[in-house]
Amino acid sequence: MSEFAVELKDLRVEFLAPGKRIEAVNGVDLQLRQGEVVALIGESGSGKSVTLRTVMRLHTERNTRITGTLDVNGKNVLGMNPRTLADLRGKEVAMIFQEPLLALDPVYTVGAQIVEAIRRHEGVDKAEARARALALFEKVRIPSPERRLAAYPHEMSGGMRQRAMIALALACNPKVLLADEPTTALDATVQIQILLLLRELQRDLGLSVIFVTHDIGAAVEVADRIAVMYAGRIVEEGTARDLILAPRHPYTIALLKSRAHGAMTRGTRLETIGGSPPDLSSLPPGCAFAARCTLATEACRAAQPPAVEVSPGHHARCIRTDAAAAIAPVALA
Amino acid sequence: MNDVTATTASVDPRDVGGPRQPLMRVQALKKHFPLKRSGLGFGPKSAVRAVDGVSFEIRKGETLGVVGESGCGKSTTARLLMQLIVQDSGELVFDGATVGARELPLRDFRRQTQMVFQDSYSSLNPRMTIEDSVAFGPTVHGVSSRDALNRAHDLLARVGLEPARFAGRYPHELSGGQRQRVNIARALALEPRLVILDEAVSALDKSVEAQVLNLLEDLKRDFGLTYLFISHDLHVVRYMSDRVLVMYLGQVVEVGTATQVFDAPRHPYTRALLRSMPSGDPMQRTTEAPLSGDPPNPIDPPSGCRFHTRCAFAQAVCSQTQPDFIETAAGHGAACLRWQPGSGYVPPPDFPDLAENPAEVAHV
Amino acid sequence: MSATAATSITASAPLQAVRSRSHGANVLRRLVRNPVAMTAAAIISLLILIAIFAPWIMPADPFATSMFKRLRPVGTPGFPLGSDELGRDLLSRLMLGGRLSLFMGIAPVIMAFVIGSALGILAGYAGGKVNTVIMRCIDVLYAFPSVLLAIALSGALGAGITNALISLTVVFVPQIARIAESVTTQVRRSDYVDAARASGAPALTIVRRHVFGNVIGPIFVYSTSLISVSMILASGLSFLGLGVKPPQPEWGLMLNTLRTAIYSQPLIAALPGVLIFVTSVSFNMLADGLRNAMEVKQ
């Protein structure tokens with residue numbers, strides 16, 4: 001088994017639209033170790049979802065150009081033919097989505113969908129597959145699992161559906177789980193249940209997980225390491241502890257400061273990030289955040305900042321990390 | 001912290017009852033949405049009991065936050081307050097006058113209460129320019145189109161959108177945050193006194209959300225507004241609100257100042273909700289989900305106290321008796337049998353109590 | 001006040017122009033870039049122009065019969081496209097016939113568009129009992145196959161152009177009304193209509209300023225696709241003797257009268273049909289292009 005569950009090296013993804021090229025992912029380096037959970041945080045347009053979907057090559061081939069290295073369990077995914085890719089999906093890598101209603105087929109019962117997935121990849125008979133589906137439902141803590149196997153997606157509540165989707169994803173014992181904002185659409189009390197469930201499953205099954213979200217709080221609950229993305233690049237990466245307690249990239253710091261966090265008192269103004277999000281079809285040559293950064297210098301605008309090691313395992317793509325340390329938010333009480 | 005009963009420096013000429021009179025009083029509001037009968041039309045009649053007896057008041061100059069999860073009825077309540085849907089029973093009293101009665105016809109009420117919706121894109125007519133969308137309201141009430149357009153331009157500038165650059169644009173050319181600013185400008189065009197913000201920032205990126213929240217605070221101060229702020233994000237509600245209302249399954253379960261509700265919640269649901277929010281502190285990860293299961297369906301709510309099926313402190317009496325709303329401290333009340341004298345509930349030792357027991361305070 | 005300074009957006013988004021192109025202008029632009037739609041539009045324009053100016057540009061008298069010159073083939077001197085069963089010049093008859101054929105294709109659709117949209121928008125916006133009454137009445141008519149309904153109505157009203165017009169309009173009103181009601185109901189549910197209601201606007205104002213502009217597009221596109229159907233139905237009615245009466249030239253009628261010549265002069269007999277075919281296809285291509293131009297969400 002290779003050292004890394006997922007390895008991305010200088011991954012670049014471009015979408016070609018009439019008249020322009022959208023550089024959605026611009027040189028992402030990411031290493032997901034076996035049994036690790038990495039959260040990809042970013043706002044809209046940061047490239048986090050595109051990166052995730054590229055791991056399974058979910059984008060339509062037309063008008064998409066992918067370059068760089070993309071290895072899953074040591075296998076080169078970018079070079080795979082459709083047949084091998086279909087074998088990879090579901091069996092070695094599985095994905096859960098934000099809106100289960102969109103991911104689950106509405107005309108089949110959830111049980112039928114899981115059985116189909118198992119039989120496609122493992123070739124076992126129906127009874128065996130059904131038994132495994134039942135076991136999966138129990139594992140994801142769906143109450144009355146027997147009955148729920150025969151339910152259609154629209155008959156289930158939001159949290160239940162999300163659990164069913166997780167069960168479907170785990171049906172063929174994948175090694176890698178990709179989660180695309182799975183809890184964003186859920187109520188708070190259900191979200192925390194699903195987050196804890198994911199942590200528990202990850203621990204029990206030894207899964208390697210990439211968890212994409214815009215919610216820093218959710219990321220902290222599940223992730224060992226966090227990577228912050230901006231304009232298609234990872235601008236800071238480190239353990240959850242490092243990133244929250246000692247952020248060193250101005251964007252990370254600005255994000256943390258702009259949250260109306262529980263520590264914010266009424267009447268104080270929220271700190272905002274000036275300017276507007278970058279235009280992915282015409283990115284500047286230097287640091288993409290320089291236009292909005294209070295610490296930016298000419299050097300920042302001139303060239304892409306290299307990855308600076310702040311501490312072992314903690315990197316930031318910024319040449320002003322020292323100044324950033326001065327404006328970092330005070331640790332939470 | 002703002003004094004809840006103080007109003008802005010200048011008194012609104014439309015003010016009737018003075019600072020002590022609530023701007024909006026909601027009394028026993030009920031709205032059920034009937035469902036088709038099952039069994040070929042002969043089965044039992046059921047309904048979605050979206051709002052089932054809700055009463056509260058909004059004080060002048062405050063921001064009242066409303067929190068709750070899906071099925072709690074907060075969006076339906078907002079639409080009822082705006083009279084976009086009509087309640088089955090219950091009354092709305094705006095500054096002392098019953099809404100819809102002769103003293104306050106609907107048209108006049110609409111000039112004083114406006115709403116900002118969650119989906120910034122679908123709230124704007126895709127075929128109308130920004131300035132036309134904002135100017136529409138005033139033209140309906142007799143303002144000349146030229147004056148209305150001028151007012152629209154003024155408001156666009158106020159919300160941070162340069163009229164020269166944005167007035168002639170269409171909604172699809174703007175970003176989510178910009179569109180929401182337009183919606184706010186549109187709501188203010190009629191010079192309302194009460195603005196209902198129904199998940200107005202929920203769909204925005206965090207950094208944009210911060211900008212819009214700052215803007216809302218500025219506008220509230222400048223225009224002397226009162227806000228009803230509905231959101232599922234507790235952090236934002238805590239930041240924005242003077243007082244907070246917690247809803248569950250169509251009913252109000254707790255009301256109090258933001259400090260009271262967040263630091264010393266009285267209702268087990270409020271406590272569970274607060275503890276469900278991820279703290280964002282990597283040293284204190286949640287180990288146990290405070291509530292199990294999904295929020296139940298408002299079609300067939302549980303008997304007695306509606307929360308008893310998920311409550312960690314439920315006893316037999318909770319499934320039999322519906323709790324009344326009891327005030328436990330000045331301005332702070334909850335609908336829970338534990339606080340109801342003579343209900344038959346025996347409070348266990350670990351029941352969340354006031355800040356007398358600091359260890360029990362919810363971490364937010 | 002501080003609102004503007006603290007919260008305004010600094011210019012880094014590439015928005016320069018002040019006044020954006022309206023939706024209609026955008027649709028037109030996209031349509032013009034569609035070669036298939038433009039070809040179709042050119043063909044239709046040509047046919048319409050020929051039809052309008054027919055009396056002045058026809059080479060011969062379309063009503064002049066000659067028993068000696070019956071069924072001459074294409075290319076006969078004096079008869080560029082041949083002559084029909086009564087010796088009349090086919091080209092002149094086809095050119096003049098275009099007037100009625102095109103008119104019978106377009107006019108019923110226009111009338112049905114007006115009536116159907118009005119009914120559909122009313123039903124869609126009002127909802128409730130009004131909607132039920134209107135739509136169920138519409139459904140009754142909709143239940144009949146259009147050809148059958150057209151024939152039945154025409155037969156009841158009698159032959160003649162006006163009656164054919166009326167029956168075709170009645171056939172199309174339910175179809176357009178259905179689309180109109182469906183689209184209006186969708187728009188009615190949107191937040192911006194709620195916002196307009198919340199501002200205290202009366203229903204008519206809301207329909208005029210908010211609903212109308214958003215529903216008229218899809219209804220219009222659907223209606224244009226009915227033009228070819230109308231042409232064919234009208235030709236069919238004439239073919240059956242229910243529409244245009246001889247000796248008026250009309251493509252469908254000509255198809256009927258030339259039927260007997262199909263063994264002796266197949267090309268002549270087919271020509272009116274070819275024109276019907278070309279016109280219908282062109283209208284369909286144009287309707288398709290219009291639909292594509294409107295569909296693009298920026």
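**Figure 1. The two domains of chain A in a predicted model.** The centres of domain 1 and domain 2 of chain A, taken over C-alpha atoms, lie 30 Å apart. This is a predicted model, in which local features need pLDDT of at least 70 and side-chain atom pairs count only at pLDDT 80 or more, while totals for chains, interfaces and linings use all residues. Residues are numbered from 1 along each chain as its sequence is written, and chains are lettered from A and ligands numbered from 1 in the order in which they are written. Domain 1 of chain A covers 4-92 + 176-327, and domain 2 covers 100-173. Such bounds come from an automatic or database domain assignment. Nine residues of domain 1 of chain A contact nine residues of domain 2 of chain A. Two residues are in contact if their C-beta atoms, placed from the backbone, lie within 7 Å. On the domain 1 side, α2 (82-91) and α8 of chain A each supply at least two residues. The largest share, four residues, comes from α8(A). Helices (H or I, at least four residues) and strands (E, at least two) are DSSP runs, numbered from the N terminus. By class, this side of domain 1 of chain A has six nonpolar, two polar and one charged residues. Ala, Val, Leu, Ile, Met, Phe, Trp, Tyr, Cys and Pro count as nonpolar; Asp, Glu, Lys and Arg count as charged; the others, Gly among them, count as polar.

**Figure 2. Helix α1 of chain A.** Helix α1(A) spans residues 48-55 and is mostly covered. Six of its eight residues are buried. They are Lys48(A), Ser49(A), Val50(A), Thr51(A), Thr54(A) and Val55(A). A residue is buried if 20 or more other C-beta atoms lie within 10 Å of its own, exposed if 12 or fewer, and partly exposed in between, with C-beta atoms placed from the backbone.

**Figure 3. Helices α4 and α7 of chain A.** The axes of α4(A), residues 110-122, and α7(A) come within 9 Å and cross at roughly 15°. That makes the two helices roughly parallel. Axes are lines fitted to C-alpha atoms, for helices over the stretch in contact, and angles run from 0 to 180 degrees between N-to-C directions. Angles under 35 degrees count as roughly parallel, over 145 as roughly antiparallel, 65 to 115 as roughly perpendicular and the rest as oblique. The crossing of α4(A) and α7(A) is right-handed. A crossing is left-handed if the near helix is turned anticlockwise from the far one by less than a right angle, and right-handed if clockwise. From α4(A), the contact uses Val110(A), Gln113(A), Ile114(A) and Ala117(A). From α7(A), Ala164(A), Ala167(A) and Leu168(A) take part. Six of the contact residues are nonpolar, one is polar and none is charged.

**Figure 4. Where chain A meets chain B.** Chain A gives 37 residues to the contact, and chain B gives 34. On the chain A side, α7 (158-170), α8 (188-205), α9 (216-222), α10 (240-245) and α11 (250-258) each supply at least two residues. Helix α8(A) gives the most, with six. The chain A side holds 16 nonpolar, 13 polar and eight charged residues.

**Figure 5. The two domains of chain B.** In chain B, domain 1 covers 24-33 + 48-246, and domain 2 covers 266-279 + 302-364. Their centres are 32 Å apart, taken over C-alpha atoms. Four residues of domain 1 and seven residues of domain 2 make the contact. Helix α8(B), residues 234-240, supplies the largest share of the domain 1 side, three residues. That side divides into two nonpolar, one polar and one charged.

**Figure 6. Where chain B meets chain C.** Here 37 residues of chain B contact 30 residues of chain C. Elements that give two or more residues to the chain B side include α3 (130-140), α4 (145-158) and strand β6 (113-116) of chain B. Helix α7(B) gives the most, with six residues. The chain B side has 14 nonpolar, eleven polar and twelve charged residues.

**Figure 7. Helices α3 and α11 of chain C.** Helix α3(C), residues 35-57, packs with α11(C), residues 266-295, at an angle of about 135°. Their axes are 8 Å apart. The two helices are therefore oblique to each other. Their crossing is left-handed. Residues of α3(C) in the contact include Val36(C), Ile43(C) and Leu47(C). Those of α11(C) include Val278(C), Phe283(C) and Gly289(C). The contact residues divide into eleven nonpolar, three polar and no charged.

**Figure 8. Gln186 of chain C.** Gln186(C) sits in helix α7 of chain C, residues 161-188. Gln186(C) is partly exposed because 13 other C-beta atoms lie within 10 Å. Tyr125(C) is 61 residues from Gln186(C) in sequence, yet 9.4 Å from it in space, C-alpha to C-alpha.
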